[in-house]
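Please open the structure in your viewer and keep the sequence beside it.

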Amino acid sequence: MEINKVINKSIQSTNDLLGGNGNYNLVIAMEELNELGQQISKVLRGKSDKRHLIEEVADVVIALQYIKQICNISGTEIDKAIQYKIKRLDDTINSQGIYK
C-alpha cells in the first residue's frame, strides 16, 4: 500500500474538522510525536519494551508524512536539511569531542 495515497485519503476524510487544510492531521502528528517522547522516557526508566518503541517510531514516521504533505515540504528539501544538520553535528563532534 502506498503511504502517500493513504495519507492523502486521510487528509481528505478529515477536511471538515478543525478548519480543514489538514489541521486535524497536524494535531494527530503532534500527539504521535508526544507519544514517542513518552515512550523514550519509559526506555530511559527501564519501563518500556522494544515492540512499543517500534510502534511509536512507526507512528512518527507516518506523522512526518502528514507534515510533509500538508505543509508542502518535498523529500529533496528534507534531504538537504538533513545533510546540513549531519554536517553541523559532525563538525561539532570533531571540534568539541562531544555533542550536547
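Begin with the whole protein displayed with all its atoms. Among the contacts with a separation of 6 or more, 49% are between residues 24 or more positions apart; a contact means heavy atoms within 4.5 Å.

The model on the screen is predicted: local features need pLDDT of at least 70, side-chain atom pairs count only at pLDDT 80 or more, and totals for chains, interfaces and linings use all residues. Residues are numbered from 1 along each chain as its sequence is written, and side-chain values use heavy atoms, with hydrogens and water left out.

**Stop 1: the whole chain**

Switch to a cartoon view. The secondary structure comprises four helices and zero strands, in the order α-α-α-α from the N terminus. Helices (H or I, at least four residues) and strands (E, at least two) are DSSP runs, numbered from the N terminus.

Next, consider the overall dimensions. Along the principal axes, the C-alpha atoms fill a box of roughly 50 × 35 × 25 Å. The protein has a radius of gyration of 17 Å, whereas a compact globule of 100 residues would have one near 13 Å. The radius is taken over C-alpha atoms, and the globule rule is 2.2 Å times the number of residues to the power 0.38.

Now display the surface. The protein exposes about 7,700 Å², of which carbon and sulfur atoms supply 56%; accessible areas come from the Shrake-Rupley method with a 1.4 Å probe, and for residues only the protein chains shown count as cover. Buried residues make up 17% of the 100 residues. Buried means under 20% relative accessible area, exposed over 50%, and partly exposed in between (1.4 Å probe, protein chains only).

**Stop 2: the loop between α1 and α2**

Select Leu17, which is located in the loop between α1 (3-13) and α2 (23-44). Leu17 is partly exposed, with a relative accessible area of 34%.

Leu18 has a positive phi of about 55°, although it is not a glycine. With 52% relative accessibility, Leu18 counts as exposed.

**Stop 3: helix α3**

Colour the charged side chains. There are 13 positive and 13 negative side chains, and the centres of the two sets lie 6 Å apart. Lys and Arg count as positive and Asp and Glu as negative, while His and the chain ends are not counted; the place of a charge is taken as NZ of Lys, CZ of Arg, CG of Asp or CD of Glu.

Side chains of opposite charge can pair when their charged atoms come close. How many salt bridges does a search of the whole structure find? The search finds two, a salt bridge being a side-chain nitrogen of Lys or Arg within 4 Å of a carboxyl oxygen of Asp or Glu.

Select Glu55 and Arg51, which form a salt bridge with their closest N and O atoms 2.7 Å apart. Both residues lie in helix α3 (residues 50-70), four residues apart, about one turn of the helix. Glu55 is partly exposed at 37% relative accessible area, and Arg51 is partly exposed at 49%.

Then select Glu56, which also has its place in helix α3. Glu56 is buried yet has no salt bridge; Lys42, the nearest side chain of opposite charge, is 8.0 Å away. Not counting residues up to four places away in sequence, Glu56 touches Glu32, Glu35, Leu36 and Gln39.

**Stop 4: the loop between α3 and α4**

Select Asn72, which is found in the loop between α3 and α4. Asn72 has a positive phi of about 55°, although it is not a glycine. Its relative accessibility of 66% places Asn72 in the exposed class.

**Stop 5: helix α4**

Select Lys87 and Asp91. These residues form a salt bridge, the closest N and O atoms being 2.9 Å apart. Both lie in helix α4 (residues 75-96), four residues apart, about one turn of the helix. Is Lys87 buried or exposed? Lys87 counts as exposed at 51% relative accessibility, whereas Asp91 counts as partly exposed at 36%.

Finish with Gln96, which is in helix α4 and counts as exposed at 55% relative accessibility.
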